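Student: I would like to go through this model with you and ask what lies behind the terms. Could you show it to me?

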Amino acid sequence: MRALLYPETDTECLVECLAKGETMHALAQKLWPINRSISGAGLRQTLGILSEYLPGLKLFEIASGSKALDWIVPDEWVIKAAYIIDPSGNKICDISENNLHLVGYSEGVQAKLELEDLQQHLHSLPAQPDAIPYITSYYKRTWGFCLRHHQRIALEPGIYSVFIDAQHIKGSITLAEIVLPGESDKEIFFSTYCCHPSMANNELSGPCLALFLAQAIGKLPNRRYSYRFVFLPEMIGSNAYLQLRMAELQKNVIAGFNLSCIADSRTYSYLPSRAGNSLSDKAALHVLAHLDAHFKRYHWRDRGSDESNYCAPGVDLPVASLMRSKYGEFPEYHTSLDNLTDVVTPLGFAQSFAMCARIIDALELCCYPIAMVLGEPQLGTRGLYPSLSTKTSTQSVRTLLDLISYSDGTRDLIEIANECEVPVWTLYPLLETLVQEKILRREYR
Amino acid sequence: MRALLYPETDTECLVECLAKGETMHALAQKLWPINRSISGAGLRQTLGILSEYLPGLKLFEIASGSKALDWIVPDEWVIKAAYIIDPSGNKICDISENNLHLVGYSEGVQAKLELEDLQQHLHSLPAQPDAIPYITSYYKRTWGFCLRHHQRIALEPGIYSVFIDAQHIKGSITLAEIVLPGESDKEIFFSTYCCHPSMANNELSGPCLALFLAQAIGKLPNRRYSYRFVFLPEMIGSNAYLQLRMAELQKNVIAGFNLSCIADSRTYSYLPSRAGNSLSDKAALHVLAHLDAHFKRYHWRDRGSDESNYCAPGVDLPVASLMRSKYGEFPEYHTSLDNLTDVVTPLGFAQSFAMCARIIDALELCCYPIAMVLGEPQLGTRGLYPSLSTKTSTQSVRTLLDLISYSDGTRDLIEIANECEVPVWTLYPLLETLVQEKILRREYR
Amino acid sequence: MRALLYPETDTECLVECLAKGETMHALAQKLWPINRSISGAGLRQTLGILSEYLPGLKLFEIASGSKALDWIVPDEWVIKAAYIIDPSGNKICDISENNLHLVGYSEGVQAKLELEDLQQHLHSLPAQPDAIPYITSYYKRTWGFCLRHHQRIALEPGIYSVFIDAQHIKGSITLAEIVLPGESDKEIFFSTYCCHPSMANNELSGPCLALFLAQAIGKLPNRRYSYRFVFLPEMIGSNAYLQLRMAELQKNVIAGFNLSCIADSRTYSYLPSRAGNSLSDKAALHVLAHLDAHFKRYHWRDRGSDESNYCAPGVDLPVASLMRSKYGEFPEYHTSLDNLTDVVTPLGFAQSFAMCARIIDALELCCYPIAMVLGEPQLGTRGLYPSLSTKTSTQSVRTLLDLISYSDGTRDLIEIANECEVPVWTLYPLLETLVQEKILRREYR
């Protein structure tokens with residue numbers, strides 16, 4: 001049988017994943033302080049660190065002004081320092097303390113303002129007074145600072161000195177890509193984004209999980225499919241990547257996933273591909289339903305990340321989004337509260353790794369089982385009846401017979417699992433046994 | 001953008017329709033007293049008046065004895081007078097007072113009868129003692145009078161003189177037809193019937209509404225489709241018309257509607273085409289669902305008007321029935337209570353006009369929108385993001401993006417509106433904008 | 001019109017079936033005492049008696065060691081006597097008293113044992129202390145006795161003499177088959193099994209019902225389809241039969257049914273063919289829904305009889321199972337309580353006969369009705385309107401018109417009945433009338 005990421009029991013699976021969860025969480029902590037944006041040093045540094053963990057991850061630059069489908073790659077943002085001096089001489093809103101303090105892509109400014117005028121450039125959340133909001137302005141030149149509402153209402157009247165050492169230069173955005181070849185040119189595609197500053201679930205979770213999935217897949221002794229992982233700035237990055245690779249992706253990708261907000265330990269969430277009935281959807285919906293019958297299923301119209309580009313008409317890639325708490329739907333979203341202690345945990349990483357591994361397994365091991373005997377086979381003479389009944393009694397025998405019965409070439413293994421109302425991973429060992437006994441054979445299409 | 005009947009807001013739409021409602025109601029009042037039947041002077045006079053309002057409406061006669069599919073055009077009924085003289089010498093049941101008093105197609109008679117014998121020829125409704133029932137006997141020769149049950153039980157014993165000046169002669173039935181040519185030979189077909197005497201909803205509502213729809217369509221500066229309106233006696237008329245025009249209709253009609261009982265202001269009712277999934281059904285069901293989520297949806301087996309002929313096997317036209325209170329289902333049906341004061345109102349006409357206009361718009365403007373950009377387009381640089389967000393905030397932007405996303409050539413505009421759960425008329429201006437911006441193009445199939 | 005088993009009203013139908021029910025019950029009583037198994041004299045004797053009732057039923061033998069798809073025909077079991085002598089000298093568990101006392105396929109033994117050792121070979125049901133359980137061991141050589149739990153707990157300590165005069169010899173299993181040819185080579189297939197000793201519902205009900213269905217079909221003056229009935233030992237018998245006849249069955253069988261546990265008078269039960277949408281399923285589900293809206297519908301995964309072989313991948317016959325209380329699901333199942341007094345009754349036989357006859361009728365009379373007139377036909381001139389309205393008023397006229405309206409060649413008669421929400425047998429006389437009137441014609445595909 002083709003090697004699996006997780007052929008073991010659920011318990012064994014969780015134990016191994018927990019260790020991986022700690023490792024992913026540690027990487028996220030390392031990446032946390034870096035001031036990322038859709039371009040510039042922070043993004044480049046982040047991708048550089050990822051490539052240390054994943055040799056073969058190739059970085060490349062797309063120059064400002066380049067066409068990215070309907071978009072143009074913007075100027076690169078060079079940000080060195082930003083802070084405000086209050087009337088008492090205290091330095092506040094300093095990005096060296098928390099990089100969310102500065103509105104992303106702010107222009108350079110050096111000015112003295114009355115508090116009243118400064119207020120036009122301040123952002124805070126009255127409903128979440130302890131949170132620094134995350135604000136950007138990529139396509140309209142402006143500047144601003146974000147701060148806790150508690151701090152804002154305590155600001156004293158007087159003259160404030162604002163200092164932002166920022167430049168917008170002809171530069172580039174940075175993308176990273178790795179392809180892990182398999183027996184087939186057909187690809188499973190994973191995309192995640194690296195353009196958010198110090199926030200955990202959105203979005204250190206996606207890159208850290210993707211990295212360790214790629215590592216694990218790279219270690220598989222053999223693979224049916226090729227795997228492609230990309231790490232990009234959101235929206236502009238996926239468009240730039242499609243500008244380069246669209247024909248290749250359209251030719252090879254049979255299933256794909258956007259990973260985002262995927263390491264809190266709340267419920268699983270799913271946003272389907274535009275088609276809704278792709279192989280991605282079939283495999284993921286099966287796995288999620290068996291991991292948590294109450295997982296949250298969104299509609300295509302709820303989309304809001306790179307799946308929008310990958311599934312756009314004419315691009316038509318079968319890319320769905322895997323998440324825990326969906327972007328926009330959890331209270332800490334786009335604030336400084338989205339952190340690595342309360343929101344994103346090693347357990348969250350571990351569960352999500354297991355979930356993705358289950359999906360990859362389902363794709364790798366999916367085949368059309370074909371019956372090689374006519375009529376119901378005699379299990380007793382093959383020693384299948386007792387040996388199985390000792391395990392989980394008659395239920396296993398029943399599932400074994402159902403698997404044989406549905407192996408008529410019209411259903412693949414996931415569809416048979418759905419028909420039998422069991423997780424597909426309970427069928428892997430049964431299928432292997434039946435193939436060895438020449439009762440079934442595997443067919444790939 | 002192709003001109004619309006009602007591209008305006010719902011409020012503007014209602015204001016304009018209210019005026020039309022008054023006009024239609026006035027026409028119905030004018031037609032009210034005429035003694036119509038499936039043939040004869042009343043039918044001819046009614047169609048003559050309609051042609052004054054709609055130049056181009058062409059009347060033609062089909063001779064008695066002509067084949068009308070499985071039917072034969074019957075003799076023409078010439079009715080001049082009918083009444084009864086009671087034992088006290090009073091004239092009762094006089095059709096010059098109310099033409100429902102005489103059973104339709106009654107044969108001529110001049111006789112004196114005892115009350116007891118006369119009773120065999122009287123019809124009244126004990127449950128609706130104030131109503132004169134509407135009774136006909138087209139295919140079996142007999143005679144009879146209809147009267148209020150109150151009046152009937154007060155009849156004194158004695159000898160009654162019955163007088164009916166009626167003849168059945170070799171004549172003809174009269175049909176009226178208008179075709180309003182459009183850019184395409186493909187037709188939208190409307191049929192309604194003019195064979196009922198003084199009753200309002202059933203059936204002055206259909207002819208008056210159809211007339212003003214035809215007028216409004218005729219004034220459109222351009223039209224994609226051709227429109228055909230026919231005004232007939234029910235059943236025999238549609239069969240006679242099919243005898244003449246079936247091949248033409250089968251070649252051209254892409255959607256069609258029978259209009260009946262369509263100007264009371266109660267709920268909308270819908271009876272589908274036999275196929276149930278024709279373009280008529282798609283457009284009408286969409287419009288009705290958005291006008292009133294609780295509209296009443298009948299089954300094909302509930303049919304009872306000309307749709308039965310138009311959709312018969314081998315004829316197979318996609319004709320559905322649009323109604324308010326369905327024939328047979330409202331208390332005033334087929335009685336003198338079905339009048340122009342309590343049942344049919346200007347408001348009822350206005351709402352039904354708007355409903356039909358919405359359906360016509362949906363058909364005229366339906367196309368396959370096709371995305372011309374790859375990936376999610378950048379709305380900001382095109383000024384679409386702010387300009388739209390000022391209108392109805394983010395909802396419009398979301399609908400705009402959904403419209404683009406679904407413009408992959410597999411769904412037409414109505415289907416996209418269904419997918420987006422919005423009325424198709426909210427998509428018309430968005431589509432127009434996106435076509436002008438070359439983000440989408442329209443395709444017709 | 002092609003002759004029917006039951007074209008009459010439900011009442012007439014029941015009266016005739018009740019007489020048949022008595023006859024079937026009498027046959028079951030005659031077969032009751034025979035000690036049947038999957039091979040041997042009891043099976044052979046049973047099939048011999050059936051052939052006396054059904055001339056043309058052909059018995060044939062399949063030798064031990066023969067291939068039966070994935071199985072091998074086992075040795076024949078020759079059982080002459082079996083009993084135990086208790087310490088007081090009483091003869092107990094004597095199969096001449098009840099053949100369930102011996103574990104089926106027990107090997108020969110002559111031995112004296114302490115009660116404690118004997119207990120290893122005894123089987124009883126603590127929860128049903130008055131029932132002798134039915135136990136077999138076909139594929140593992142052993143021996144044992146079955147007895148009432150009440151009797152077992154009263155056994156005195158001491159030495160017991162066990163005597164089983166049994167042999168396993170190279171012999172054969174016996175199958176029986178009859179084909180009743182019709183106009184077409186296309187076949188309706190019925191299978192039932194005869195390998196159970198003295199139990200009534202499971203399984204004297206299937207063979208007795210099948211026999212009388214075959215008799216009735218044989219008397220039909222003409223038949224569209226050919227009918228094949230087989231009487232077999234379960235599992236090994238159907239596999240052996242498929243080994244012989246598979247290609248023929250695959251070529252001809254258009255619908256098929258396994259009859260089992262089919263003469264108690266509890267609810268009807270249905271287990272679909274593997275495909276679930278075969279002609280068998282369509283006809284049977286229609287009939288069952290109209291006989292009892294609350295019939296019990298099982299899933300393919302609940303299977304447990306010969307349908308498992310007939311529908312196996314590669315065999316792919318459209319065979320469903322018709323039952324009353326499903327095997328395994330009724331309290332008397334596989335015990336001496338499954339008898340001809342409390343469980344299986346003449347009424348149960350009668351109802352099941354009627355149910356099967358309704359299904360056969362539905363298959364025989366199913367056709368595609370095609371409209372021969374255009375538009376709604378004029379019923380009045382053909383005398384259809386009044387003649388029908390005298391029967392069941394307007395409902396019949398409505399159904400008549402609906403039948404015509406749906407006769408467009410896309411639906412067969414069962415599908416039209418489903419569309420009209422009436423039992424198909426109410427359409428037979430309407431169809432006949434309309435065919436005679438040349439309004440419809442029948443088409444077979």
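**Terms and values**

Tutor: In chain A, 80% of the contacts between residues at least 6 apart in sequence join residues at least 24 apart. Two residues are in contact if their C-beta atoms, placed from the backbone, lie within 7 Å. This is a predicted model, in which local features need pLDDT of at least 70 and side-chain atom pairs count only at pLDDT 80 or more, while totals for chains, interfaces and linings use all residues. Residues are numbered from 1 along each chain as its sequence is written, and chains are lettered from A and ligands numbered from 1 in the order in which they are written.

Student: What makes up chain A, in helices and strands?

Tutor: Chain A has 12 helices and 18 strands. Both are DSSP runs, numbered from the N terminus: helices are H or I with at least four residues, strands E with at least two. The C-alpha atoms of chain A fill a box of roughly 90 × 40 × 35 Å along the principal axes.

Student: Which domains does the assignment give for chain A?

Tutor: Domain 1 takes 10-73 + 172-365, domain 2 takes 76-169 and domain 3 takes 368-443. Such bounds come from an automatic or database domain assignment. The C-alpha centres of domains 1 and 3 of chain A lie 34 Å apart, and eight residues of domain 1 are in contact with eight of domain 3. On the domain 1 side, helix H7 (279-291) and helix H9 (346-365) of chain A each supply at least two residues.

Student: Why are the two copies, chains C and A, said to be related as by a three-fold rotation axis?

Tutor: Chain C can be laid on chain A with an RMSD of 0.1 Å by a turn of 120° and a shift of 0.1 Å along the axis. The copies are thus related as by a three-fold rotation axis. In chain C, the C-alpha nearest the axis belongs to Asn277(C), 13 Å from it. The superposition is by least squares on C-alpha atoms of residues with pLDDT of at least 70 in both copies.

Student: How many residues of chain C are in contact with chain A?

Tutor: 14 residues of chain C are in contact with 13 residues of chain A. Helix H6 (236-252) and helix H8 (307-310) of chain C each supply at least two residues of that side of chain C.

Student: Why are S5 and S6 of chain C called edge strands?

Tutor: Four strands of chain C form an open antiparallel sheet in the order S5-S4-S9-S6. Strand S5 (91-92) and strand S6 (109-114) each pair on one side only. Strands pair if DSSP finds at least two bridges between them; S6(C) and strand S9 (residues 159-169) of chain C have six. Within this pair, Gln110(C) stands opposite Phe163(C).

Student: What puts the buried residues on the same side of H11(C)?

Tutor: In helix H11 (residues 413-420) of chain C, the buried residues are Leu413(C), Ile414(C), Ile416(C) and Ala417(C). They cover an arc of only 160° around the axis, which puts them on the same side of H11(C). That arc is of the directions from the helix axis to the C-beta atoms. A residue is buried if 20 or more other C-beta atoms lie within 10 Å of its own, exposed if 12 or fewer, and partly exposed in between, with C-beta atoms placed from the backbone. Just after H11(C), Glu421(C) takes a positive phi of about 55°.
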